[in-house]
Amino acid sequence: MDFIANILMAGGTFGAALYCYVLGQRLKRFSTLEGGMGGAIAVLSAQVDEMTRALEKARAAATLSASSLDGLTERAESVAARLELMLASMHDIPAGTPDPRPDPEVEAERRLRFVRRRSLRESSEVDA
C-alpha cells in the first residue's frame, strides 16, 4: 500500500510540475514586451503620455483664446458704450428737412463738361 501511495504521490508531483511549467511559459509569453500583453501595455502607456501632452497643449491654447476673447469682449463693450453716447447726443441735433432739389446754379457748376481734342494722328490724317 505504501508503494502505491508513493507512485500516486510521484505522479501528482510530476503533474503539478508539468502544470507549473506550462503556466511559467504562458506567463513568459504574456509579459514579453514585443508581442504579448506587456507590449500592448507599453504601447498604451506611451499613447496615454502622448495624449496627456496633447491635452496640456490644448488647454494652454484654450486659456490663451479665452483671455483674448475676454479682451475683445471688453473692447466691444466700451465701443458699444461710446456708440450709445454718440446716439444719445444725436437726439440734441435739430432735425432739418433738406431740400430734395439742389440749387440750379450749383447743379450747373457741378455738371461735367467734356472737351474732345484731336490727337496728333487724327490731325495729320485730316491735313493729308
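Biologist: Happy to look at this with you! Which side chain meets Arg-59 in a salt bridge?

Modeller: Good place to start; this is a predicted model, where local features need pLDDT of at least 70, side-chain atom pairs count only at pLDDT 80 or more, and totals for chains, interfaces and linings use all residues. Residues are numbered from 1 along each chain as its sequence is written, and side-chain values use heavy atoms, leaving out hydrogens and water. A salt bridge here is a side-chain nitrogen of Lys or Arg within 4 Å of a carboxyl oxygen of Asp or Glu. At 3.1 Å, N to O, the partner of Arg-59 is Glu-56.

Biologist: Where do Arg-59 and Glu-56 sit relative to each other along helix α2?

Modeller: Helices are DSSP runs (H or I, at least four residues), numbered from the N terminus. Helix α2 covers residues 37-90, and because Arg-59 and Glu-56 are three residues apart in it, their separation is about one helical turn.

Biologist: And what is the relative accessible area of Glu-56?

Modeller: Buried means under 20% relative accessible area, exposed over 50%, and partly exposed in between (1.4 Å probe, protein chains only). Arg-59 is partly exposed at 45%. Glu-56 is also partly exposed, with a value of 40%.

Biologist: Thanks! What share of the protein chain counts as buried?

Modeller: The chain has four helices and zero strands. Of its 128 residues, the buried share is 2%.

Biologist: Lastly, how far apart are the end C-alpha atoms of residues 6-24?

Modeller: UniProt, in an unreviewed entry, lists residues 6-24 as "transmembrane region". In the model this span is 100% helix and 0% strand, and its end C-alpha atoms lie apart by 27 Å.

How values were computed. UniProt positions are given in the numbering used here, feature names are shortened, and annotations may be inferred rather than shown by experiment. Helices (H or I, at least four residues) and strands (E, at least two) are DSSP runs, numbered from the N terminus.
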